[in-house]
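Visitor: I have a chain open here and would like to go through it. Can we start with the helices and work outward?
Guide: Fine, go ahead.

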Amino acid sequence: MKIMTIAYHLLTRQEDYKDLGADYFEKRHQDAIVRQTVRKLENLGFTVTLATPEAS
């Protein structure tokens with residue numbers, strides 16, 4: 001059913017299909033994923049310290 005919905009929107013808007021990638025939703029909701037993961041680790045008794053990765 002989702003494929004039909006996608007096809008309908010592409011045809012009615014006359015747009016080309018663009019694959020957003022396998023990690024699209026993870027990138028889009030990265031902050032929420034980090035908060036949830038930190039909370040889960042803290043609930044297990046871990047102390048979590050976050051640091052941004054250095055650019056290479």
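Predicted model: local features only at pLDDT ≥ 70, side-chain atom pairs only at ≥ 80, totals over all residues.

Visitor: How far does helix 1 reach from its first C-alpha to its last?
Guide: Helix 1 covers residues 2-13, 12 residues, and reaches 17 Å.

Visitor: How many residues of helix 1 are buried?
Guide: The number buried is 1 of 12, so helix 1 lies largely in the open.

Visitor: Is Q14 buried or exposed?
Guide: Q14 counts as exposed, because its relative accessibility is 73% and the cut-off for exposed is over 50%.

Visitor: Where is D19?
Guide: D19 sits in the loop between helix 1 and helix 2, the latter being residues 24-28. With 62% relative accessibility, D19 counts as exposed.

Visitor: Which backbone nitrogen lies 3.2 Å from a polar atom of the D19 side chain?
Guide: That of G21.

Visitor: Changing topic. How many helices and strands does the protein chain have?
Guide: The count is 3 helices and 0 strands. Along the sequence the pattern reads α-α-α. The radius of gyration of the protein chain is 19 Å, while the globule rule gives 10 Å for 56 residues, so the chain is more spread out than a compact globule.

Visitor: What does the C-alpha trace span along its principal axes?
Guide: About 50 × 30 × 15 Å.

Visitor: What share of the 56 residues counts as buried?
Guide: The buried share is 4%. The protein chain exposes about 6,000 Å², and carbon and sulfur atoms supply 55% of that area.

Visitor: What about the charges: how far apart are the mean positions of the positive and negative ones?
Guide: They are 8 Å apart, with 8 positive and 8 negative charges in the protein chain.

Visitor: One more, on A51. Where does A51 lie, relative to helix 3?
Guide: A51 is in the segment after helix 3, which runs over residues 30-43. A51 counts as exposed, at 74% relative accessibility.

Visitor: How far is A51 from D31, in sequence and in space?
Guide: A51 and D31 are 20 residues apart in sequence, and their C-alpha atoms are 13 Å apart in space.

Terms used. Residues numbered from 1 in each chain as written. Heavy atoms only, no water. Helix = DSSP H or I, 4+ residues; strand = E, 2+ residues; numbered from the N terminus. Expected span 1.5 Å × (residues − 1). Buried < 20%, exposed > 50% of the residue type's maximum accessible area, 1.4 Å probe, protein only. Rg over C-alpha atoms; globule rule 2.2 N^0.38 Å. Areas by Shrake-Rupley, 256 points an atom, 1.4 Å probe, with all protein chains shown as cover. Lys, Arg positive; Asp, Glu negative; His and termini not counted. Charge placed at Lys NZ, Arg CZ, Asp CG, Glu CD. Polar contact = N/O pair within 3.5 Å; in protein donor to acceptor, adjacent residues only side chain to side chain.
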